[in-house]
Amino acid sequence: MNTNVNPGANVNYANQPQSAPILTVKDWLVTMLILIIPVVNLIMLFVWAFGGGANPSKANYAKAALIWMVIAFVLYLIMTFLIVGLIGSSMKMK
């Protein structure tokens, strides 16, 4: 009986997905700098989210940021219609 067993000897690592490199603080600072530029931030979020070449962490961040932007825009529209409706109804009463 062979007691000298090497459990990782026959493992095929070629089919294992490679992990993405960790983004450094410098990478995040550049990302945040790009995101404070109007219009460019929206374009870059779409590029990072759906372009396919971005780091998975940055792509997930971009998708989450776009989802929050859609939620904020919908809430903005709802509040605008409510305020316009309130103003319109108060003008009819006078």
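Mentor: A residue is called buried under 20% relative accessible area, exposed over 50%, and partly exposed in between (1.4 Å probe, protein chains only). This is a predicted model, where local features need pLDDT of at least 70 and side-chain atom pairs count only at pLDDT 80 or more, while totals for chains, interfaces and linings use all residues. Residues are numbered from 1 along each chain as its sequence is written, and side-chain values use heavy atoms, leaving out hydrogens and water.

Trainee: Is methionine 79 buried, exposed or partly exposed?
Mentor: Its relative accessible area is 48%, so methionine 79 is partly exposed. Methionine 79 lies in helix α3, residues 56–93; helices are DSSP runs (H or I, at least four residues), numbered from the N terminus.

Trainee: Where is methionine 69, and what does methionine 69 contact?
Mentor: Methionine 69 also sits in helix α3, and counts as partly exposed because its relative accessibility is 37%. Contact means heavy atoms within 4.5 Å. Beyond its neighbours within four places in sequence, methionine 69 touches Leu42 and Leu45.

Trainee: How are α1 and α2 oriented to each other?
Mentor: Angles under 35 degrees count as roughly parallel, over 145 as roughly antiparallel, 65 to 115 as roughly perpendicular, and the rest as oblique. The axes of α1 (residues 25–35) and α2 (residues 40–50) come within 8 Å and cross at roughly 130 degrees, with axes fitted as lines to C-alpha atoms, for helices over the stretch in contact, and angles running from 0 to 180 degrees between N-to-C directions. The two helices, α1 and α2, are therefore oblique.
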